[in-house]
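Hi everyone, thanks for making time this morning. Please have the sequence and the model open while I talk.

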Amino acid sequence: MQGHELTVSETLPLTIGYSTLANRAKSIKFLDAVDNLVIVQNPDGSNLPHFDSAVRVFELKNLGVAKSRNAAIANTKTDYLLFGDDDIKFSESGIASAVSFLNRNLDISILLMQAVDESGKLRKTYPANSHPLKLTNSAKAATYEMMIRVSDIKSAGIKFDENFGAGAPNYLGDEYIFIADAIRAGLKGQFEPIVIATHPTESSGNHRNSAIDRSARAKIFSRVFGVWAPVMRFLFLIKPPFKKFGFINSILFIFGK
């Protein structure tokens, strides 16, 4: 399909794999022209809502968003997979642009993009230009900003680390670890300034700059960088904008406490 810009009316070789809970599943805003896959974390055995017959539903009997993401990868039958949550609204034009990009760039396994809030403002500071993903520039990735080439990810055996992410003790970092593992496996990723989704301003589980946040972030660096983690934590702290852990928390962070 090189040279052909997809339109939102075409059927796309894309699955959107939504991660949700039984009591939130009806909030999902489904799109046409894609394969909609819902992964429901349902350890309590709650009744699942009724979905249209075109929506595929996979139930997990435990919690953990990384488990949901891995189930989405395992159950995807299309070329590409976009990760969704029940509070995300995806851009149809952004999806079409992303699929067209991956169709034209067969060496890219992970496409990282950007999101806006309800007002249309970018949710965070994104790079102005396209660039390859590296260990040093992918730490702010959000899962719903990421589209993957499923065959590459499966062939390389890349999975989300289920010890990280919402629902796990280490409640963040699953996206960055996923990208880091893929890069270390020889896969290529790319950031493109495509607006792929709208996400509410307030995210759940926000512990920014707290001791819990410090400890969780320290463990991410240990997982990604191993013995070099203290050095990378220090560089993380001094890179503008400077992190506001406070002096004692900063020292504890550097040493992985």
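Predicted model: local features only at pLDDT ≥ 70, side-chain atom pairs only at ≥ 80, totals over all residues.

Residues are numbered from 1 along each chain as its sequence is written, and side-chain values use heavy atoms, with hydrogens and water left out.

Let's begin with strand β2, residues 35–41. Helices and strands here are DSSP runs, numbered from the N terminus, with at least four residues of H or I for a helix and at least two of E for a strand. How many of the seven residues of β2 are buried? Seven of the seven, where buried means under 20% relative accessible area, exposed means over 50%, and partly exposed is in between, using a 1.4 Å probe and protein chains only. Asp-35, Leu-37, Ile-39 and Gln-41 point one way from β2, and Asn-36, Val-38 and Val-40 point the other way.

Who are the neighbours of β2? Strand β1, residues 14–21, pairs with β2 in the parallel sense over seven bridges; to count as a pair, two strands need at least two DSSP bridges between them. Thr-15 stands opposite Asp-35 in β2. Strand β3, residues 56–60, also runs parallel to β2, joined by five bridges, and there Leu-37 faces Arg-56.

In the loop between β1 and β2 sits Ala-33. Its phi is positive, near 70 degrees, in a residue other than glycine.

Now move to the loop between β2 and β3, where you will find Asn-42. Is Asn-42 buried or exposed? Buried, with a relative accessible area of 2%. A polar atom of the Asn-42 side chain lies 2.9 Å from the backbone oxygen of Ser-46. Leaving out residues up to four places away in sequence, Asn-42 touches Ala-22, Leu-48, Glu-59, Leu-60, Lys-61 and Asn-62, a contact being heavy atoms within 4.5 Å.

On to the helices, starting with α4, residues 174–184. Eight of its eleven residues are buried, among them Tyr-176, Ile-177 and Phe-178. The buried residues of α4 pack against α1 (65–74), β6 (108–116), β8 (146–149), α3 (150–156) and α5. Just after α4, Gly-186 has a positive phi of about 95 degrees.

Last stop: α6 and α7. Helix α6 (residues 229–238) packs with helix α7 (residues 247–254) at an angle of about 145 degrees, their axes 8 Å apart. Those axes are lines fitted to C-alpha atoms over the stretch in contact, and the angle runs from 0 to 180 degrees between N-to-C directions. From α6, Pro-230, Arg-233, Phe-234, Phe-236 and Leu-237 meet Ser-250, Phe-253 and Ile-254 in α7.

Which residues of α7 are buried? Asn-249, Ser-250, Phe-253 and Ile-254. Looking down the axis of α7, its buried residues fall within an arc of 135 degrees, so they line one face of the helix; the arc is taken over directions from the helix axis to the C-beta atoms. The buried residues of α7 pack against α5 (211–225) and α6. On the face turned away from that buried side, Phe-247 and Ile-248 are exposed. After α7 comes Gly-256, with a positive phi near 75 degrees.

That's my tour, so over to you for questions.

Definitions and conventions: Polar contact = N/O pair within 3.5 Å; in protein donor to acceptor, adjacent residues only side chain to side chain.
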